[in-house]
Structure formats: C-alpha cells, structure tokens
Amino acid sequence: MPDPLTIASGISAAGALVSAWQLRRRAQVAEAEIAHLRAELAAERHAASHDPLTGLPNRRAFFRLAAALLTDAAGQPLIAVVLDLDDFKQVNDRYGHAAGDKVLICVAERLAAFAGDNLVARLGGDEFAGLLAGPTVDRRWIEHATRRLCESLAAPIPLGTRSLRVTASVGLAPVTCPTQLTEALDRADAAMYQAKSVGASRPARQLVGDIPGPVHLVDSA
C-alpha cells in the first residue's frame, strides 16, 4: 500500500505548484492591467494636449512647451510664428468640411516639415503657431523664412480628382525669454494681419476650377 506520508507529501507539493502558478498568473494579470492603465493615461494626456484633427500640440500645450523651450534657450533668440489661411471659409462652403479638414491636415504636415524639430501647434480653426530656431533674427532672414514658408504652404493639395491651392498670411517676431512670449506672439499676429490686409486690398479672390484639374485661389478680374 502507498505510504500515507508519501501521498500527503505529493498532495502538498502539487498544492504548492498550483498556488505558485496561481500567484504567477495573478501577477501577470496585474501587470497587464497596470500596462493597460498606463496606456490609457498616456492616451488621455496626449488627447488633452494635442489637436485631434492634425495631431499637433493644441493652444494650451503650445504655451507650456514654448515657455519651457525659452527657459532652456539660455538667451538664444527664437522666432515666434503665427499663420492663418486666406479665404479658408470658401473651402468649407464650396467643397465641404471633409475637404476643409484635409486642407488643415496637409497644412499642419507642411508646417511641421518646414519647422523640423521646432515646436509648431494648431491654435484653433485655421490658425497655427510655431517657435523656430534660426541662425539669426535679422529682418532679411525673417523675410526669407516667411517667403519659404508661404511657398511651401501654397503647393497644390490633392483633393479627390482635383487639387486645391490655398495661401496663408504669416507673421514672425523674435523672442528671447519666456516673459516676452505673449508680446512676441502679439507682434507676429499683428504682422500676420498686416500681410492679410495687404492681400485683401487686391481684387477679391475666389475659388475656380469646377472641372477636374487644379483649383486655385486667384485674383479675380
């Protein structure tokens, strides 16, 4: 007959193995739940600080990140950028909000590509902002950067069987410390509206090109 002590020892060992397996299983489940909660928290933080359409930082995140960049810049001048699309309402009115969303996404991508590792954000609507590092902040460099950015944004945007060309009014202003950020953005905003008013003084622009092919924002006769 089997030894009762041997049987008891075997049962005890089996029980210990089962308990150890259950503990490992519980630990794995707990780790998976913690990882899931961390992923959800990270997603919530990202959603709270980023524009859901373009994926760029939102207004609140822009001011927070810009202040941190200026604090770490140790006096190095940066360039505040504000831009606003011209006649953007016409895109939504004529082609629908889906087309307008596609334009905003494309503009965000081009602005981010132009800025490289620099900070850019969507402030709301068709208004974007950035904080760029440059080799200098003299007027010639700022004018050159403005021209290159406008040219980049004005490239045709694919829109179904046609393409759409939009323009943007851009303003830039140097900023050297966190306390100057709001003032610099105000100056950049004023420069942007000045550029927009210069464009508005020309004959009114309209969207043309109802047949498949390029669609442009052009000066009407």
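Q: Why is Arg187 called partly exposed?
A: Arg187 has a relative accessible area of 36%. Buried means under 20%, exposed means over 50%, and partly exposed lies in between (1.4 Å probe, protein chains only). Arg187, at 36%, is therefore partly exposed.

Q: What kind of model is this, and what limits apply?
A: This is a predicted model: local features need pLDDT of at least 70, side-chain atom pairs count only at pLDDT 80 or more, and totals for chains, interfaces and linings use all residues. Residues are numbered from 1 along each chain as its sequence is written, and side-chain values use heavy atoms, leaving out hydrogens and water.

Q: What makes Glu183 and Arg187 a salt bridge?
A: Their side chains meet at 3.9 Å, N to O. A salt bridge needs a side-chain nitrogen of Lys or Arg within 4 Å of a carboxyl oxygen of Asp or Glu, so the pair qualifies. Glu183 is partly exposed, at 46%.

Q: Which residues are joined into one network?
A: Asp84, Asp86 and Lys196 are joined by salt bridges that share partners.

Q: How do you know that Asp84 pairs with Lys196?
A: Their closest N and O atoms are 3.0 Å apart, and the two form a salt bridge. Asp84 is in strand S1 and Lys196 in helix H6 (residues 181-200), so the pair links distant parts of the chain, 112 residues apart. Here helices (H or I, at least four residues) and strands (E, at least two) are DSSP runs, numbered from the N terminus. Asp84 is buried, with a relative accessible area of 12%.

Q: What makes Asp51 and Arg122 a link between separate parts?
A: The side chains form a salt bridge at 3.1 Å, N to O. Asp51 lies in the loop between helix H1 (4-49) and helix H2 (59-72), and Arg122 in strand S2 (residues 119-124), so the pair ties together parts 71 residues apart in sequence. Both Asp51 and Arg122 are buried. The whole structure holds 5 salt bridges.

Q: How many disulfides are there?
A: The count is 0. A disulfide is a pair of cysteine sulfur atoms within 2.5 Å. Among the cysteines, Cys106 is buried at 12%. Cys150 is partly exposed at 23%.

Q: What makes a set of residues a nonpolar core?
A: Its members are buried Ala, Val, Leu, Ile, Met, Phe, Trp, Tyr and Cys residues, joined through side-chain atoms within 4.5 Å. The largest such core has 30 residues, and Leu83, Val103 and Phe128 touch the most other members. Elements giving it two or more residues include strand S1 (78-85), helix H4 (97-115) and strand S3 (127-133). H4 gives the largest share, 8 residues. Apart from this core lies another, of 18 residues, among them Ala121 and Leu185.

Q: Which residues does Leu83 touch?
A: Contact means heavy atoms within 4.5 Å. Not counting residues up to four places away in sequence, the partners of Leu83 include Leu111, Phe128, Leu149 and Met192.

Q: What makes Asp87 stand out?
A: Most residues other than glycine have a negative phi. Phi of Asp87 is near 55°, a positive value in a residue other than glycine. Asp87 lies in the loop between S1 and H3. Asp87 is partly exposed, at 29%.
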